[in-house]
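User: I'm new to reading protein structures and I'd like a close look at just one part. Could you pick a helix and walk me through how its neighbours pack against it?

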Amino acid sequence: MNLLANTPAADDLTRWDRENHLHPWAEVKSWRKADYMRVDTAEGIYLWDGAGRRFIDGPGGMWCVQIGYGRAEMARAIAEQTMKMAYTSPWTATSGPTAQLAHMIAARTPGDLNTVHFTTGGSTAVDTALRFMQFFNNRLGRPDKKVILAREKGYHGSTYLASTVTGKERFEAKFDKASDLVHFLPDVNPYRRPPGMSMAAWCDAKVADLQDAIATLGADRIGAFIAEPILCSGGVIVPPEGYHRRTFEICRAHDILYISDEVVTGFGRLGHWFASDDAFGVTPDIITMAKGMTSGYLPLGACVISDTLMARVSAPDGQDVFYNGYTYSGHPVSCAAAIANIEIMEREDILGHVRRVTPQFHSRMRRIADRFDIVGDVRGMGLLGCIECRPDLHDPTYAKDLQFGARLDAACERRGLLLRPFGAMAVFSPPLIISEAQIEEMFDIMEAGLEELSAEYNA
Ligand code: PMP
């Protein structure tokens with residue numbers, strides 16, 4: 001059977017997308033005017049558009065395509081589970097892949113994080129974690145201990161609760177948020193520290209922000225601290241060394257649940273299954289994950305809770321139900337895809353590969369900082385990178401005109417590389433299978449794009 005035989009004409013697709021498809025995060029003023037790139041095929045780290053042009057997928061989809069595109073083994077795992085049993089109600093039954101994947105995740109998460117509650121993606125995983133905190137404190141007879149500490153520039157998703165704790169451009173979003181539920185701690189970005197301040201002093205200041213919030217609000221009112229190990233959508237912000245451990249210990253001392261949002265950093269992005277423990281020495285109470293779980297082949301997420309929390313929440317008598325779940329929680333086909341993804345990652349030692357190519361990736365980023373005076377900062381960890389332009393080129397009063405991220409992305413796109421622009425920044429997180437030669441290819445294009453931009457800005 002030729003599945004592509006009835007594919008409509010390219011012009012129709014372009015028109016239908018323009019007329020009928022409101023993309024996520026679309027600008028409502030312009031969504032009917034601009035045509036999106038239509039990605040037709042993909043293999044390895046490359047994408048091809050409708051005109052047959054090839055691009056390196058710099059953002060790795062949306063930080064999720066760990067094992068690369070076009071894997072026959074993924075297609076087989078998905079097809080086999082679809083034919084065998086595509087769906088069963090997670091409320092009343094389980095499936096083989098769902099149970100197996102829960103076990104596989106528990107074996108890879110740190111400490112006693114062994115209770116896996118499946119969700120449909122990252123936002124629903126974050127919602128679940130935060131609702132669990134509310135449920136937990138209600139069960140323990142502490143109904144006032146529910147304020148959530150989150151951080152400016154953090155991104156946790158687009159559902160109501162997950163967007164409420166998202167500290168990115170929160171003043172610009174035209175939504176009503178449940179602001180009484182959340183308290184934001186100031187930006188932790190070392191690049192924003194006052195001139196001359198050491199990293200150690202910056203770390204002290206950021207830890208003090210947490211202590212001050214606890215002193216002001218009262219530990220008996222704070223239920224959780226939610227933090228991405230690296231603030232990814234906020235611009236790949238790596239907090240100063242020691243920050244994770246110190247904030248974790250403070251939370252522990254005040255019985256504030258430490259929720260690590262590993263939707264991006266999990267599943268190999270930093271060369272480990274999870275970054276909390278292996279990269280930052282912290283065993284959280286809850287880890288949320290999604291994206292890399294299936295390498296983007298199918299939607300899936302999970303909220304993983306420690307046995308210690310489960311024991312505490314089970315202790316009070318009564319039949320309380322954790323009323324949280326989704327029709328597609330632990331979807332058998334998504335779980336089969338996740339199992340195949342983990343098997344591929346292990347067989348090909350993709351975590352080891354990430355650790356091996358990370359120094360090359362970062363030395364090419366440093367070379368960019370050295371070569372281009374329009375660049376203010378380069379930063380990242382593992383296969384996560386960000387280039388931010390010089391401060392005078394992104395003064396908030398004229399940032400909208402200079403559009404460094406969008407212009408660098410456009411210059412690179414013309415040369416066969418996609419990036420993810422964010423205002424003054426361009427971010428990249430390529431598929432984890434990227435080879436040494438492909439890393440060179442990616443950064444060569446970025447440097448060519450920066451040469452073009454330097455000429456423009458300097459003129
Ligand atoms: N948490 C983090 C850290 C994320 O980066 C994202 C998505 N970019 C989410 C949560 C939300 O995940 P999803 O889009 O799958 O709902």
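Analyst: Let's start where helix 3 meets helix 11: E73, M74, A77, I78, Q81 and T82 of helix 3 touch P332, V333, A336, A337, A340, N341 and I344 of helix 11. Keep in mind that this is a predicted model. Sort those contact residues by class and you get 9 nonpolar, 3 polar and 1 charged.

How do you put a packed pair into numbers? Two packed helices are described by the angle between their axes and the distance between the axes. For helix 3 (residues 72-84) and helix 11, the axes come within 9 Å and cross at roughly 150°. Angles over 145 degrees count as roughly antiparallel, so helix 3 and helix 11 are roughly antiparallel to each other. The crossing of helix 3 past helix 11 is right-handed.

Now for another partner of helix 11. Helix 4 (residues 96-108) also packs against helix 11 (residues 332-347), with axes that come within 8 Å and cross at roughly 40°. That angle makes helix 4 oblique to helix 11. Here the crossing is left-handed. On the helix 4 side, the contact uses P97, T98, Q100, L101 and M104, while helix 11 brings P332, C335, A336, A338, I339 and I342. By class, this contact has 9 nonpolar residues, 2 polar ones and no charged ones.

The protein is divided into domain 1 (37-67 + 349-458) and domain 2 (74-347). Their centres, taken over C-alpha atoms, are 27 Å apart. Where the two domains touch, domain 1 gives 26 residues and domain 2 gives 20 residues. Several elements of domain 1 supply two or more residues to that contact, including helix 2 (60-63), helix 12 (350-371) and strand 11 (375-381). Helix 12 has the largest share of the domain 1 side, with 5 residues. In total, the domain 1 side has 15 nonpolar, 7 polar and 4 charged residues.

One last stop is the ligand. It is surrounded by 15 residues, and the closest are G121, G122, S123, G157 and V263. Helix 5 (residues 122-139) gives the largest share of that shell, 3 residues.

Key. Residues numbered from 1 in each chain as written. Predicted model: local features only at pLDDT ≥ 70, side-chain atom pairs only at ≥ 80, totals over all residues. Axes fitted to C-alpha atoms, helices over the stretch in contact; angles between N-to-C directions. Helix = DSSP H or I, 4+ residues; strand = E, 2+ residues; numbered from the N terminus. Parallel < 35°, antiparallel > 145°, perpendicular 65-115°, else oblique. Left-handed = near helix turned anticlockwise from the far one by under 90°. Contact = placed C-beta atoms within 7 Å. Nonpolar A, V, L, I, M, F, W, Y, C, P; charged D, E, K, R; others polar. Domains from an automatic or database assignment. Near = placed C-beta within 6 Å.
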